[in-house]
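Dear colleague,

Please find below the structure I wished to pass on to you. My notes on it follow directly after.

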Amino acid sequence: MGLEFVIAMLQAYVFVVLISLYINDVVVLH
Amino acid sequence: MTNFTLPNAKHYFDPLEQFDVIQLFPSISYALTNLTLILFLNLLIFGFLIYATIYPNQSHSTSPSVVGDLVRNVYEMLATLAESNIRLSKQVYFPILFYIFLLILISNLVGMIPFSYTVTSSFVFTFYIALALFTGINLIGIYQHAYSIFAFGVPTGSPLILAPLIAAVEFISYFSRIFSLSIRLFANMMAGHTLLKILIGFS
């Protein structure tokens, strides 16, 4: 049960981290 | 063979039954399902959080607003995340990060309430979020860089003779981002809730 709450928060965090990485990839071209 | 006399025996034994999308009022509305209902509930909770942060209760001005502090902490955490990940002088893409984070977090947490529905455990929802964000991000890239957006296909320093091969591989990995993003969220939520229901069924 507690693990499930941790997963719930962690997945939202991971989603946002990956989205920010993708935004960075596109906006700041190498 | 065994003959179940219970009217809906499936509802007592199937751990996957919680993911069924049911039309609540099929005679009135075709689209009103438990998924959309809980999604609107999540949006209401989101609106309440923002409202309670912007307009705290004036009658208790000496005591700190719990909801406001919570949302402010999330805001600052995401602000540092955006600062460290997106290398822009102005963080113009911060609001979408904040909105997506709160929406997914509220959806996941509301799904933990018994007899509720986890919106993020349906693949169509997570896939739509990932696809919409991916499309929007690429439109921003095309708007800002025109044709040089395709520079992501060939990393710097790669030999020119390998360029077509690298470009093909990069394109595949680039478009599989949608699926990796959506399937990760959906599979985690679905597996977790199925496991919970099975474990509860043992008791």
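Two residues are in contact if their C-beta atoms, placed from the backbone, lie within 7 Å. By that criterion, Ala12(A) is in contact with Phe101(B), Ile104(B), Leu105(B) and Asn108(B), its neighbours within four places in sequence being left aside.

This is a predicted model, in which local features need pLDDT of at least 70 and side-chain atom pairs count only at pLDDT 80 or more, while totals for chains, interfaces and linings use all residues. Residues are numbered from 1 along each chain as its sequence is written, and chains are lettered from A and ligands numbered from 1 in the order in which they are written.

Between the chains, 23 residues of chain A are in contact with 33 residues of chain B. The side of chain A that touches chain B has 17 nonpolar, 4 polar and 2 charged residues (nonpolar: Ala, Val, Leu, Ile, Met, Phe, Trp, Tyr, Cys and Pro; charged: Asp, Glu, Lys and Arg; polar: the others, Gly among them).

Chain B is divided into domain 1 (18-119) and domain 2 (122-203), with bounds from an automatic or database domain assignment. Their C-alpha centres lie 23 Å apart, and 8 residues of domain 1 of chain B are in contact with 6 residues of domain 2 of chain B.

With kind regards
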